[in-house]
Amino acid sequence: MQRIIGRKGDGWLPSLPWMKPGDVDRGNQVIDESARKAGRDPRQITRLLNVTPQSSAEDLAELATGHGMSVFILASDDPAELRRFAEVTAPRVRDRVAQARTARARAGSAVPESIPNTVPGSTPAEPAPARTFHGDPIPEALAARTMFPGDPGYARYTSSYFRGARPGVVVRPENPAEVQEAVRFAARHRDVPFGIFSAGHGLSGRSLNTGGIVLALDALNSITVSGGNRIQVGPGARWGEVAQALAPYGLAVTSGDYGGVGVGGLATTAGFGWFARERGLTIDYLRSVDIVTADGALVHASADENSDLFWAVRGAGANFGAVVSFEFEAHPVAAQVGFAMLVFTPDDVAAFMQAWGTTVEAADPIVTGSLMVGLTGAGRPSAVQAVIVVDSSDPDAVLQQLQPFAGLAPLSDQLVQMVPYTALMEVPLTGEGQSGRGEPHGHSGLVRHLDADVARGLAEIMATDRPFFLSVRSAGGAVGSYPADSTAFGWRDANFLISLLGGRSDDVQQRWRDLLPLMEGMYLSFETDTGPDVVARAFPPGHLLRLQALKATWDPSGLFRDNFFIAPEPHPAKVAQQA
């Protein structure tokens with residue numbers, strides 16, 4: 001449709017409440033390219049947008065100046081909302097747009113093809129000298145890759161999947177050399193936050209910040225399938241795109257449970273995917289990385305070269321640099337796999353959770369499943385949704401593997417399909433989130449078994465009347481087939497990963513704290529608490545000592561500090577001896 005708009009249309013009218021982060025930019029790009037190929041000026045195509053009364057003047061102004069949206073249609077028939085929008089919001093939008101265009105003209109910044117560079121009736125200002133951040137001129141090599149508030153494209157980096165932000169400057173390099181320059185630039189500004197962004201899906205939202213520097217790696221999104229089963233992937237690619245690239249070869253890389261997740265964040269943490277019990281973690285298929293370290297060097301790390309750094313990247317990568325390229329070894333995948341969604345309504349939630357755990361652990365490794373529970377705050381038990389994937393193209397075998405689960409509790413709904421893995425990676429488990437605002441709130445923990453105590457603790461959380469989202473993902477199987485010390489992620493004996501999103505009430509938080517003594521470690525991608533105590537729970541003690549020693553070697557000044565900072569140990573030799 002967007003290509004047709006580019007060739008023939010007068011305008012494009014999407015609706016903001018249904019847009020995902022990046023959708024406006026992607027749609028505009030398709031329309032612009034299609035228009036140019038058809039010999040049309042993209043500025044002939046009006047960009048309109050349906051908005052809600054809750055849309056702020058600041059957000060709408062950024063959509064105008066950064067994304068070319070020039071008409072906003074208010075989705076309301078409430079007279080009071082219409083009057084407030086006309087008398088308050090719209091004038092503020094016009095003022096901000098005028099200010100941003102004037103500032104851009106003075107700075108000599110480029111503008112989207114659909115936006116005039118000056119306010120009607122004004123005179124373009126003379127280009128100003130190179131822009132600066134905290135008095136430091138932006139390096140010439142990064143001038144065309146740098147965005148300040150109000151610049152085109154900046155709005156993309158004001159929200160991740162869950163968290164809102166307003167960076168002081170965004171640097172979006174397009175090759176490793178520019179990443180090196182960006183890291184050196186960040187090293188000169190240790191007094192401000194420094195985030196590394198790949199796709200912005202992470203629950204913690206630590207890839208973005210307010211007032212600091214964001215190194216956006218989403219332009220490094222190439223995917224190259226080489227000989228055999230090796231694949232080179234940029235950090236800005238998304239796992240759904242990786243699945244699509246590997247599908248013609250009958251290959252896949254187990255990689256999370258949703259294809260919209262960026263490669264960089266997941267591949268430097270662990271990666272619990274739909275084939276975890278059969279294949280292991282994503283990091284178990286990582287064969288090498290090219291990483292820009294704190295001194296701005298581009299370093300290759302693998303099992304044979306800089307092996308200590310390669311060990312650290314697989315589980316604590318955010319502390320050791322900006323990975324610009326990943327090399328994975330893909331594994332075979334069936335042409336179609338079994339996909340089941342079962343909705344249980346258990347009478348005894350604790351007994352159901354314990355039975356689920358026992359059934360998962362007894363299942364064939366080709367079976368991986370997740371439980372999801374969401375409460376609306378209405379004070380009543382919610383149904384428990386199970387998503388199960390069976391890595392088999394035989395429908396009879398899939399049904400056979402599902403039978404033990406079907407009898408765990410009464411079913412209120414069920415769906416069983418045979419789908420290609422690429423389709424599975426397009427399924428949003430909880431619905432597409434809107435642009436993140438504010439601060440997310442979540443926790444995670446790993447357990448060996450869903451025994452009676454753990455099951456009872458989960459049931460108590462589920463019995464609260466506060467809104468939250470609880471998930472229990474499968475681990476075990478092949479995850480535990482690797483030695484605990486083979487990667488920085490060390491919780492190989494766990495069979496389940498538990499995460500809690502929301503539930504800010506004291507009641508829910510206390511019940512979560514009651515569960516902590518039963519857990520071993522955590523998964524940093526699902527955690528929002530910070531501080532040394534959190535990092536100490538994220539790694540086994542011996543692993544943390546080794547990571548502190550490696551931090552002292554590779555990042556002694558702590559440049560990479562905003563994503564669960566591991567403090568450098570001043571005496572690495574002593575720490576290594578203790579480990």
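Tutor: Let's start with H134, which is exposed, with a relative accessible area of 52%. Here is how those words work: buried means under 20% relative accessible area, exposed means over 50%, and partly exposed is in between, using a 1.4 Å probe and protein chains only. Before we go on, keep in mind that this is a predicted model, in which local features need pLDDT of at least 70 and side-chain atom pairs count only at pLDDT 80 or more, while totals for chains, interfaces and linings use all residues. Residues are numbered from 1 along each chain as its sequence is written, and side-chain values use heavy atoms, with hydrogens and water left out.

Back to H134: you'll find it in the loop between β4 (132-133) and β5 (136-137). Helices (H or I, at least four residues) and strands (E, at least two) are DSSP runs, numbered from the N terminus. H134 has a positive phi of about 55°, although it is not a glycine. Most residues other than glycine have a negative phi. F564 also has a positive phi, near 60°, and is not a glycine either. F564 sits in the loop between α16 (541-554) and α17 (572-578), and it is buried, at 7% relative accessible area.

Now for the charged pairs. A salt bridge is a side-chain nitrogen of Lys or Arg within 4 Å of a carboxyl oxygen of Asp or Glu, and the structure holds 22 of them. One of them joins R26 and D23, with the closest N and O atoms 2.8 Å apart. Both residues lie in helix α2 (residues 23-37), three residues apart, or about one turn of the helix. D23 is buried at 16% relative accessibility, while R26 is partly exposed at 37%.

Next, look at D218 and R172, whose side chains meet in a salt bridge at 3.3 Å, N to O. D218 lies in the loop between β9 (213-216) and β10 (223-225) and R172 in the loop between β7 (169-171) and α5 (176-187), so this pair ties together parts that are 46 residues apart in sequence. D218 counts as buried, at 15% relative accessibility, and R172 as partly exposed, at 28%.

Finally, R279 forms a salt bridge with E278, and their closest N and O atoms are 3.9 Å apart. E278 is partly exposed, with a relative accessible area of 23%. Elsewhere, salt bridges that share partners join R230, R287, E327 and E329 into one network.
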